[in-house]
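Work through the exercises below with the sequence and the model side by side, and try each task before reading its solution.

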Amino acid sequence: MGKRAKITIVGAGHVGATTAHWSAIRELGDIVLVDIPETGDMPKGKALDLLESSPIAGFDANIIGTTGYEETKDSDIVVVTAGVPRKPGMSREDLLNTNAKIVRSVVEQAVAQSPNCILIIVTNPLDAMTHLAWKVSGFPTNRVVGQAGVLDTARFRTFIAMELKVSVKDVHAMLMGGHGDAMVPLPRYSCVSGIPVTQLIPKERLDQIIERTRKGGGEIVNLLKTGSAYYAPGAAVTDMIEAIVRDRRRLLPCSAYCDKEFGVGGLYVGVPVILGGNGVEKVVEIELNDEERAAFEKSVAGVRTLVQQLGLL
Ligand code: APR
């Protein structure tokens with residue numbers, strides 16, 4: 001008989017709970033929501049509430065909440081959303097030291113229970129946290145991946161669809177670099193049903209859309225005031241979970257370890273990857289023109305500084 005995938009989500013806050021919601025609806029597996037003891041029975045409450053939606057939504061899954069790690073044993077996937085989100089006026093980089101402590105302790109405890117899992121990191125600053133998780137886990141690089149590009153391209157795709165008044169279904173986009181405001185949307189590799197967006201949107205307008213994409217996280221922070229985005233981030237993580245548990249081999253922008261790839265020299269940064277049952281199956285190297293390469297290198301330099309500040313380089 002088949003066995004459902006076991007998905008642990010650490011951090012039962014906005015992004016964690018939303019990821020659990022999307023994943024349950026898509027029947028990706030059984031779900032364990034984990035948070036800290038200070039949150040009391042909150043993870044249990046969210047898990048039970050979500051489970052009780054299953055007869056209406058029509059999904060079969062076991063969903064439990066806990067403040068310990070025993071119940072997470074032998075998970076196939078561990079998603080890390082534990083940490084502090086930013087508030088208006090903060091950059092993702094401002095979260096570095098606070099979230100590094102949290103991610104270190106979460107990864108140590110999670111991998112002790114699930115030594116064969118694939119780790120999906122969501123906590124910001126994303127690429128540095130993914131690098132830290134990789135170091136702490138001792139896992140091979142393919143089993144540690146960060147979520148950023150799926151969200152950032154979803155924002156880019158949304159804005160392109162709004163601009164052209166076409167279905168989001170027909171809009172594809174690519175984006176590289178670190179998950180900060182220096183991220184590098186790639187209009188040359190973005191299209192509507194195969195037609196490059198550079199042919200459909202005048203350059204000046206496209207530049208504005210690119211700028212809005214880069215600052216897309218901040219736009220939501222400024223609207224919410226109390227925290228950062230979670231519906232689109234949760235949906236993005238869910239796409240990655242699905243690619244792995246269903247071995248779909250999706251070609252998605254993810255934070256993946258690059259050494260020789262793109263000449264990065266040993267860092268986690270956003271690049272196109274094939275995501276499947278083994279995690280990062282392959283980093284897909286694409287041609288970059290001088291302008292794109294310069295923007296990518298600038299973004300990578302920002303990630304390198306953060307990883308150095310963590311003492312990991
Ligand atoms: N172990 C487990 N959970 C933790 C830990 C820890 N050591 N420390 C904090 N948490 C939990 C908090 O108790 C909280 O429930 O992480 C949860 C975070 O939830 P929110 O505050 O709602 O933050 P959220 O919007 O979900 O963002 C989480 O994702 O997108 C990134 O920048 C964002 O780094 C942030 C993370």
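This is a predicted model: local features need pLDDT of at least 70, side-chain atom pairs count only at pLDDT 80 or more; totals for chains, interfaces and linings use all residues.

Residues are numbered from 1 along each chain as its sequence is written, and side-chain values use heavy atoms, with hydrogens and water left out.

**Exercise 1. The ligand site**

Task: Describe the shell around the ligand by its residues, their classes and the helices that supply them.

Next, sort the shell by class, which gives 10 nonpolar, nine polar and one charged residues; here Ala, Val, Leu, Ile, Met, Phe, Trp, Tyr, Cys and Pro count as nonpolar, Asp, Glu, Lys and Arg as charged, and the others, Gly among them, as polar.

Helix 1 (14-25) and helix 4 (96-113) each give the shell at least two residues, and the largest share, three residues, belongs to helix 4.

Finally, look for N or O pairs within 3.5 Å (within protein, one atom must be able to donate a hydrogen and the other to accept it, and residues adjacent in sequence count only if both atoms are side-chain atoms). A polar side-chain atom of aspartate 35 is 2.6 Å from a ligand oxygen, a polar backbone atom of valine 15 lies 2.8 Å from an oxygen of the ligand, and a backbone N or O atom of valine 84 is 3.3 Å from a ligand oxygen. The protein buries 85% of the 730 Å² that the ligand exposes when taken alone, by the Shrake-Rupley method with a 1.4 Å probe.

**Exercise 2. Asparagine 124**

Task: Where is asparagine 124 found, and why does it count as buried?

Solution: Asparagine 124 is in the loop between strand 5 (118-121) and helix 5 (126-137). Asparagine 124 counts as buried because its relative accessibility is 19%, buried being under 20%, exposed over 50% and partly exposed in between.

Leaving out residues up to four places away in sequence, asparagine 124 touches Arg92, Leu95, Asn99, Met129 and His179, with contact taken as heavy atoms within 4.5 Å.

**Exercise 3. Strand 13 and its partners**

Task: Which strands pair with strand 13, and over how many bridges?

Solution: Two strands pair if DSSP finds at least two bridges between them. Strand 12 (residues 250-258) is joined to strand 13 by nine bridges and runs antiparallel to it, with proline 253 opposite proline 272.

On the other pairing, strand 13 (residues 267-276) and strand 14 (residues 279-283) are antiparallel over four bridges and form a hairpin with two residues between them. Within this pair, glycine 276 is the bridge partner of glycine 279, and isoleucine 274 stands opposite lysine 282.

Notes. Buried means under 20% relative accessible area, exposed over 50%, partly exposed in between (1.4 Å probe, protein chains only).
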